[in-house]
Amino acid sequence: MIKNSTNKKKFFIMLFVAGVLIGIILFEKYHKSSSKINFIENATEVEYGNTTITSKALVKNTDGVIVTYPKLNVLACGEQDLVYTVVADGEKTNIHLKVTVKDTQKPEIILKKERIAIPYNGTFDIKDNIISVSDPVDGPLLYTTATDLQNNYYRIEGNVDTKKSGDHKIRVIAKDKSGNRSVRTFKVHVGKKPVNLNDKDKDKKKTEDKKTTAKTN
């Protein structure tokens, strides 16, 4: 009876030791074969349209060998799940990276002048002072007369009454495909209205001129 009890204890001790050893072996194997990728700073956010950024460019270093690089689409805004395949100690591991592609670049509005002077009742076309309206990624933006500005368009606010002397403020507002908005302003100064002399005033002036001439002689 005592012998059987001793044998049972030895059996359970051996079983426990074997379990510990197996656990250690599996633990070491797991850590040996586990792969890791260190990504560059701010790798989770990529600028829309920046074709120099690839999934490979986002990797700083890795513990194993990356055998498969995912496709990063920089021309599509939103979140993308990039899956890298890494081999370490003969085992393959898939590592995921959540990347958000954002368009943060605003449209560029280029004007000829910030201030323009025109004569009273002269002719002036506001669009003549706009050299270009374009987005660094989307390209040239279209002009619209709609009051509700849509993406990928630009509009003009304000008008110039050439029969009203003084400064007239004009605003050019642009929005790219991603909704980034830019505003540029310029002023158009309309000169004073010329003084028109009626016939009576003209005759009076002629008489005064004659008197002045006579006195001089």
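## Salt bridges in the model

Six salt bridges are counted, a salt bridge being a side-chain nitrogen of Lys or Arg within 4 Å of a carboxyl oxygen of Asp or Glu. Side chains of opposite charge can pair when their charged atoms come close.

The model is predicted: local features need pLDDT of at least 70, side-chain atom pairs count only at pLDDT 80 or more, and totals for chains, interfaces and linings use all residues. Residues are numbered from 1 along each chain as its sequence is written, and side-chain values use heavy atoms, with hydrogens and water left out.

## Asp 81 and Lys 98

One of the salt bridges joins the side chains of Asp 81 and Lys 98, with an N to O distance of 3.9 Å. Asp 81 lies in strand β5 (residues 78-88) and Lys 98 in strand β6 (residues 91-102), so that the pair links distant parts of the chain, 17 residues apart. Strands (E, at least two residues) are DSSP runs numbered from the N terminus.

Asp 81 is partly exposed at 38% relative accessibility, and Lys 98 is partly exposed at 45%. Partly exposed is the range between buried (under 20% relative accessible area) and exposed (over 50%), with a 1.4 Å probe and protein chains only.

## Glu 114 and Arg 115

Glu 114 and Arg 184 form a salt bridge through their side chains, at 2.4 Å from N to O. This pair also connects distant parts of the chain: Arg 184 belongs to strand β14 (residues 181-190), while Glu 114 sits in the loop between β7 (108-111) and β8 (115-118), 70 residues apart. The relative accessibility of Arg 184 is 27%, which counts as partly exposed; Glu 114 is partly exposed with a relative accessible area of 47%.

Arg 115 forms a salt bridge with Asp 167, and the closest N and O atoms are 3.4 Å apart. Here strand β8, which holds Arg 115, is linked to strand β13 (residues 166-175), which holds Asp 167; the two residues are 52 residues apart. Asp 167 is partly exposed, with a relative accessible area of 45%, and Arg 115 is partly exposed at 47% relative accessibility.

## A salt-bridge network

Salt bridges also link Arg 155, Glu 157 and Arg 171 in a network.

Ser 55 is placed in the loop between β2 (45-47) and β3 (59-62). With a relative accessible area of 5%, Ser 55 is buried. Neighbours within four places in sequence aside, Ser 55 is in contact (heavy atoms within 4.5 Å) with Tyr 69, Pro 70, Leu 72, Leu 82 and Tyr 84.

Notes. Helix = DSSP H or I, 4+ residues; strand = E, 2+ residues; numbered from the N terminus.
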